[in-house]
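Thank you for letting me take a few minutes today.

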Amino acid sequence: MEKFEMKVLFPVSFYKILFNRQLTLEDLIEVNPQLFEDLYSILKEPIGTKEIYFVSSLNAPVGTKEVLLKPNGRELRVTEENKHEYVKLMLEYTLFGKIKDQMINLKKGFYTLVSEEFFLPFTACELEAVMCRIPCVECKFIVVSDSINC
Amino acid sequence: MGTAGKFNEWMEILFQQAVDEKYGLFTKLAIPNTYEINSESWVQDNHLNYFEFLGKMLAKVFYYHFNAITDFFPFSRH
């Protein structure tokens, strides 16, 4: 097997979206460490007097556009009760919502050549390792297939 | 260098060009050599067509690497 590693890498969240896997808060560390810290502290600490609403922002062709994470998000304040929902919506929006059109088209291209069912048994980490040829100890799949080759 | 080397080299060049910030399709992350899709990629005309093309190229990379590892590839559509 030739030694080859992709010199262009994508974050784990990219592969999770490509292969339709569940996103986790930790995926945010690579993409936006600051937001990860913020969301993590919202989960760990009481909200207190912090004024947070169900909104995010996006750079649009003209200025910055406000994005509502929920209908009426502008008026909806984050409380102890709904903070888990806020973190989930914010995570989904940052990792997927922002680049939805781009990702949908990328997936459209990807799945015209390969079929989705094939990927079901594998974890996102294993699939990433195949894509980038990263020698990854955690990937039992690689070990198994190597032993088949022997 | 065999055909595998040529294929990998070509893909390497293609993806290095695709993530180049002058095209605005991807942005660099703090981690070395790691890129994410630029949410403002509309700066490039036809950006969605480019992403569809890159999706196909990723599938080819996947196909090729998977073949190299296992010699067994049951999921091709063609």
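Before we look at any residue, let me say that contact here means heavy atoms within 4.5 Å. The model on the screen is a predicted one, and in it B:Phe15 touches A:Val8 and A:Phe10 in chain A as well as B:Leu54, B:Met57, B:Leu58 and B:Val61, where residues up to four places away in sequence are not counted.

B:Phe15 also belongs to the largest nonpolar core, which has 61 residues, and together with A:Phe19, A:Tyr86, A:Phe110 and A:Met131 it touches the most other members. The largest share of this core, eight residues, comes from α2(B).

Let us turn to the rings themselves. A pair of aromatic rings is described by the distance of the centres and the angle of the planes. There are 19 aromatic pairs over all chains, and one of them joins A:Phe110 and B:Phe62, edge-to-face, with 6.4 Å from centre to centre and 75° between the planes. This pair crosses between chains, since A:Phe110 is in helix α5 of chain A and B:Phe62 is in helix α2 of chain B. Are these two residues buried or exposed? Both A:Phe110 and B:Phe62 are buried.

In A:Phe118 and A:Phe119, the ring centres are 5.7 Å apart and the planes stand at 85°, so this pair, too, is edge-to-face, and both residues are buried.

Finally, consider charges over rings: A:Lys70 lies over the face of A:Phe54, 5.4 Å from the ring centre, while the charged end of A:Arg74 sits over the ring of A:Tyr53, 5.4 Å from its centre.

Methods:
Residues numbered from 1 in each chain as written. Chains lettered and ligands numbered in written order. Predicted model: local features only at pLDDT ≥ 70, side-chain atom pairs only at ≥ 80, totals over all residues. Heavy atoms only, no water. Phe/Tyr/Trp six-rings, centres within 6.5 Å; stacked < 30°, edge-to-face > 60°. Helix = DSSP H or I, 4+ residues; strand = E, 2+ residues; numbered from the N terminus. Buried < 20%, exposed > 50% of the residue type's maximum accessible area, 1.4 Å probe, protein only. Lys NZ or Arg CZ within 6 Å of the ring centre and 35° of its normal. Core = buried A, V, L, I, M, F, W, Y, C linked by side-chain atoms within 4.5 Å.
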